[in-house]
Amino acid sequence: MDDQTRIEIEAAAFRRLQKHLMEDRTDAQNIDMMNLAGFCRNCLARWYQEAANERGIEMTKDEGREAFYGMTMAEWKANYQTEASAEAQTAFKDSHG
C-alpha cells in the first residue's frame, strides 16, 4: 500500500470513529470512555488541535473541540451530557487523579 492510500484509509477510519461517537453513540459519556479506554472525545479533539498546531495552523482548545464535536462544547453538554454517577467519578479519580 502506498503512503497516500494509507493516509486516506486512516483519515476515513478517523471520520468513521468521529461519526460513531458523535452520532451513533451520543449516550456514551466521556467519563465512562476515560474510565474504560483512557481517552474520550475531548482527547480526540485535543489531538486534532495539536496536529493542526504542529502544522502551523493556529487552533485553540475550544476551536479543536468545535471542529471535532461539530458544535460548541456548551451545545454538546446541553444536548448529550448527563451527570456522572458517583461510581464513575470515583473510578476516574482513582485512575486519573
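**View 1. Aspartate 62 out on helix H4.** Aspartate 62 counts as exposed, with 54% relative accessibility (exposed means over 50% relative accessible area, buried under 20%, partly exposed in between, using a 1.4 Å probe and protein chains only). You'll find aspartate 62 in helix H4; helices here are DSSP runs (H or I) of at least four residues, numbered from the N terminus. Keep in mind that this is a predicted model, where local features need pLDDT of at least 70, side-chain atom pairs count only at pLDDT 80 or more, and totals for chains, interfaces and linings use all residues. Residues are numbered from 1 along each chain as its sequence is written, and side-chain values use heavy atoms, leaving out hydrogens and water.

**View 2. A negative surface patch.** Glu58, Asp62, Glu63, Glu66 and Glu75 make up this patch. To join a patch, a residue needs over 30% relative accessible area and no salt bridge, and like charges are joined within 9 Å. A salt bridge, by the way, is a side-chain nitrogen of Lys or Arg within 4 Å of a carboxyl oxygen of Asp or Glu. Helix H4 (residues 61-69) gives the largest share, three residues.

View 3. A disulfide is a pair of cysteine sulfur atoms within 2.5 Å, and the count here is zero. Cysteine 40 is in no disulfide: its nearest cysteine sulfur, that of cysteine 43, is 4.1 Å away. Cysteine 40 is buried at 5% relative accessibility, and cysteine 43 is buried at 8%.

**View 4. Alanine 45 tucked into helix H3.** Alanine 45 sits in helix H3 (residues 41-54) and is buried, at 1% relative accessibility. Alanine 45 and glutamate 58 are 13 residues apart in sequence and 14 Å apart in space, C-alpha to C-alpha.

Notes: Patches are made of residues with over 30% relative accessible area and no salt bridge: like charges are joined within 9 Å, nonpolar side chains (Val, Leu, Ile, Met, Phe, Trp, Tyr) within 5 Å. Accessible areas come from the Shrake-Rupley method with a 1.4 Å probe; for residues, only the protein chains shown count as cover. Lys and Arg count as positive and Asp and Glu as negative; His and the chain ends are not counted. The place of a charge is taken as NZ of Lys, CZ of Arg, CG of Asp or CD of Glu. Helices (H or I, at least four residues) and strands (E, at least two) are DSSP runs, numbered from the N terminus.
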